[in-house]
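Student: Hi! Could you walk me through this one? I'm new to it.
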Amino acid sequence: MLNESNTLLWTVIILMIAYFGLVTWIGKKGSAHSKSMSGFATARGKVNPWLVGASFATSYASANLFIGVPGLAYQYGTAVLWYTLGCFGVSWVALLLFAKTFWRYGKKFGRVSTLPEWLGKRYNSKGLQALVSLLILFNVYYIVGQNVGLATIFETVIGIPYFWGIIIGVAITIVYIGLGGAFAQMITDGIQGILMALTSILVVVSFLWTIGGGLNVFGVLTDRLNAIDPNLTAAVASGGPYNSALAIMAVQFMLFSFVLMPHLLNKVLSLENEEDLAPFTLSSGIILCIISTLMVLGGLAARVLFPSLQSADAAIPAYVIEAFPSFIAAIMIVGIISAILSSTDSLYLGVTTSIGNDLYRVVAPILSSKKISEKKLENQSLKVAKGSLIFVGLASLYLSLDRPDSLAFLIQFSYSAIISGIIAPITLGYFWNKANNYGAITSLITGASLYVLFTTQSLIGNIFIAMFISSAAAFIVMGIVSSLTAQEADRELALKKTS
């Protein structure tokens with residue numbers, strides 16, 4: 001641990017204080033763009049599209065790719081690289097397919113601010129908008145995963161107790177998101193993306209002196225893993241989530257669908273012009289390729305150097321401390337912390353804007369005995385969104401106190417539940433003019449409910465296969481219900497084909 005060296009410990013602490021001071025300052029700078037719900041949720045047109053693309057990639061990565069997935073690689077070996085392949089390949093292809101149509105629909109609907117609002121306007125259904133906002137609350141578990149990853153870093157590297165590590169992470173993120181909203185989130189994520197890319201590259205370069213073998217370093221790494229356990233170098237692992245061809249295909253389906261997550265698709269809504277889509281997608285692809293691939297390899301190297309770690313999620317912190325001089329290790333640790341914060345801030349922003357914009361703004365006029373003016377509703381929904389930051393933070397803090405067995409599995413459970421509910425309404429809403437609100441609502445309930453049932457009742461052991469089957473059922477249900485209830489008015493909501 002770094003706390004064995006007072007010099008290194010204080011280097012990390014000073015760098016962290018400087019980093020947190022910087023992101024808080026950016027949060028204050030962003031307050032000028034956060035005085036409306038649209039500004040708080042998207043900061044549309046206020047951030048360079050190259051930086052928005054970097055923000056997409058870093059929000060995608062999170063503690064999952066920097067802590068959780070390397071931990072799975074430590075446990076199950078090279079089979080986990082199927083996940084990495086899907087991250088920079090399949091997910092990026094999905095972004096290319098979905099981004100333009102999603103942006104065009106957003107423009108058609110009058111510049112929407114959130115995914116639930118997008119779906120609500122696509123299907124002309126306030127009920128669907130509110131239901132999607134409730135489904136997004138599953139992201140609280142995703143935030144818990146980020147809290148656990150951050151606390152693991154603090155505990156493993158600096159010696160800060162797990163409990164206090166969670167409190168520090170929650171407090172810092174709430175402060176700068178509450179101040180600056182989407183503007184602060186995307187600017188800080190751009191900075192974090194640079195640190196994450198550099199950290200990832202340095203980890204792989206370090207194989208030259210930790211693993212050895214020169215240009216044949218990956219051959220040596222494979223041989224040493226095979227010597228520990230031949231299953232660690234198998235294309236399909238005998239245990240874990242990558243134990244069959246079906247499971248691997250389900251992983252690719254999940255990663256293709258992952259770009260539909262609300263905290264990621266909202267980045268598309270931040271773009272002012274259609275021409276911004278090209279630099280956005282190119283930036284996101286380049287950075288995602290680097291940060292989704294290289295850090296996972298560090299988990300394999302850690303298995304060679306430290307074959308008996310008590311927690312697989314500690315693989316990357318342990319490797320960095322072993323592989324680098326003190327000052328470089330300190331910088332890299334801050335880079336890993338920034339990777340975790342880059343998703344945490346997006347998730348907080350996504351959940352809280354949905355509470356304000358898609359739940360309160362829809363329900364308040366119904367429950368109020370008096371008519372609420374649009375201006376007053378706008379101000380109230382913004383206050384609710386910012387105020388809910390505290391409640392969401394406290395809820396995530398409470399749920400984080402009981403450390404999960406696997407950070408990666410916790411995170412994947414949360415977003416798989418959301419994807420199972422929204423994938424059919426979004427996808428069929430793009431391509432099928434008979435898709436309607438009845439089908440979308442039924443599909444949402446079917447997909448999410450089946451996934452929760454399959455996983456919580458252990459009816460399907462593999463979480464990826466459970467998501468695939470739940471999503472397939474959602475598509476079938478939406479197809480049937482929409483076909484039976486389609487009306488001519490539904491066709492008018494569809495985007496007209498353009499050349």
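Student: Which residues make the nonpolar surface patch?
Tutor: Tyr 141, Phe 163, Trp 164, Tyr 398, Leu 399 and Leu 401 make a patch of about 630 Å². Patch residues have over 30% relative accessible area (Shrake-Rupley, 1.4 Å probe) and no salt bridge, with nonpolar side chains joined within 5 Å. Bear in mind that this is a predicted model, where local features need pLDDT of at least 70 and side-chain atom pairs count only at pLDDT 80 or more, while totals for chains, interfaces and linings use all residues. Residues are numbered from 1 along each chain as its sequence is written, and side-chain values use heavy atoms, leaving out hydrogens and water.

Student: Which elements give two or more residues to that patch?
Tutor: Those are α8 (162-205) and α16 (374-400); Phe 163, for one, sits in helix α8. Helices here are DSSP runs (H or I, at least four residues).

Student: New topic: how many salt bridges are there?
Tutor: Two, each a side-chain nitrogen of Lys or Arg within 4 Å of a carboxyl oxygen of Asp or Glu. One joins Arg 104 and Glu 274, with the closest N and O atoms 2.7 Å apart.

Student: And where in the chain are those two?
Tutor: Arg 104 is in helix α4 (residues 81-108) and Glu 274 is in the loop between α12 (262-265) and α13, so the pair links distant parts of the chain, 170 residues apart.

Student: At what angle do α13 and α14 pack?
Tutor: About 75 degrees, with their axes (lines fitted to C-alpha atoms over the stretch in contact) 9 Å apart. The two helices are therefore roughly perpendicular (65 to 115 degrees).

Notes: Axes are lines fitted to C-alpha atoms, for helices over the stretch in contact, and angles run from 0 to 180 degrees between N-to-C directions. Angles under 35 degrees count as roughly parallel, over 145 as roughly antiparallel, 65 to 115 as roughly perpendicular and the rest as oblique. Patches are made of residues with over 30% relative accessible area and no salt bridge: like charges are joined within 9 Å, nonpolar side chains (Val, Leu, Ile, Met, Phe, Trp, Tyr) within 5 Å.
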